[in-house]
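Dear colleague,

I am handing over the structure below, and after it you will find notes on what was found. Please read them alongside the model.

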Amino acid sequence: MSFLRSAAGFLALTRSLGGPPTVQTRRHIKRWVSPTLRELAHRQQKLGPQKPEPRSGFVEWNQRSELFAFGKRLGESFEMALLQRAFIERSYAHREEEKRRKLGIEEADLQIADNSDLAQKGQIIARAYVDAFLQHQLPKVPKEGLQAIASYLLGTNTLAHVSSHLGTKDLIHSTEYPPSAESLAQSLQAVIGALADSSGVERAFLFVRDFICTQLNQKDLLDVWTPEEPLQLLEKICQERKLGDAEPRLIGDCGKNTVLAAYQVGIYANRQLLGKGFGEDLKTATETAAIDALQSLFDTHDNRRPFDFRVQLETKNVRLG
């Protein structure tokens with residue numbers, strides 16, 4: 001056995017001498033690393049989950065550089081003072097004023113401008129452009145439908161989603177961290193107002209188009225706006241457009257008097273099929289058919305022409321205020 005071991009070692013030595021040089025890598029981990037890591041993990045588990053720390057609390061944080069980079073990421077030109085004020089909330093301003101008052105600073109130096117006026121201006125600009133954009137892209141949709149879609153685009157959740165993905169979470173000066181959805185939405189509106197004051201209303205309109213209106217991309221409009229009484233609305237639309245009386249008719253059914261019953265109803269007007277739908281009963285099938293007919297009349301089906309997010313609306317077509 002010893003002879004075989006020595007022969008195997010000799011063969012390995014000859015291979016290493018005759019072949020190309022090989023480099024053997026070894027992991028040199030000190031003996032203290034493993035128990036140290038276990039102790040740190042145990043202490044962290046004992047402390048429990050920690051609150052997230054804002055990036056502004058770190059040593060290397062530079063607020064001015066971050067604001068400059070924020071504008072360059074968006075491809076916009078901001079006045080630094082306006083952009084800085086766009087991220088200051090009223091609650092944070094009141095807290096800082098109170099701190100300065102306790103330190104004995106004069107009353108003239110206590111005032112800190114917040115983003116309330118910029119947010120109000122940005123809200124007006126966003127509302128005006130979204131309304132004009134929807135009227136241009138969805139000319140057949142009635143007023144209540146356009147209002148529902150505009151409310152979705154300008155809602156707190158949508159604006160907060162856009163704001164967080166633009167990187168405003170660490171730039172906002174607020175009394176809470178992470179900032180709430182209301183704070184994120186208000187900051188985005190303030191950024192729109194600051195952009196309008198810095199580069200003009202036209203650039204603010206394009207900002208709203210590129211970041212807010214694009215939330216409709218690949219979005220099912222039926223999820224955004226579903227009429228509460230589709231059959232009554234369909235009858236109203238048919239009367240306004242002089243299409244005739246909307247009449248639901250049973251096209252087919254199967255599985256009557258069973259738990260798997262299915263009905264197919266079609267909506268006709270002047271012998272023209274407007275829409276059809278299915279349901280487990282006649283009422284559900286009629287409502288589904290009415291919704292399908294409304295989608296055809298309003299041109300809001302899934303296979304409709306996509307939204308044109310490159311359109312540039314003229315400023316005179318956007319009503320401010």
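**Findings**

Q295 has its place in helix α13 (residues 282-298), where helices are DSSP runs of H or I with at least four residues, numbered from the N terminus. This is a predicted model, in which local features need pLDDT of at least 70 and side-chain atom pairs count only at pLDDT 80 or more, while totals for chains, interfaces and linings use all residues. Residues are numbered from 1 along each chain as its sequence is written, and side-chain values use heavy atoms, with hydrogens and water left out.

Q295 counts as buried because its relative accessibility is 12% (buried means under 20% relative accessible area, exposed over 50% and partly exposed in between, with a 1.4 Å probe and protein chains only). Leaving aside residues up to four places away in sequence, Q295 touches L222, T300 and H301, contact meaning heavy atoms within 4.5 Å.

Turning to helix packing, R127, V130, D131, L134 and Q135 in α6 meet L146, I149, A150, S151 and L153 in α7. The residues of this contact divide into six nonpolar, two polar and two charged (Ala, Val, Leu, Ile, Met, Phe, Trp, Tyr, Cys and Pro count as nonpolar, Asp, Glu, Lys and Arg as charged, and the others, Gly among them, as polar).

Best regards

Notes. Helices (H or I, at least four residues) and strands (E, at least two) are DSSP runs, numbered from the N terminus.
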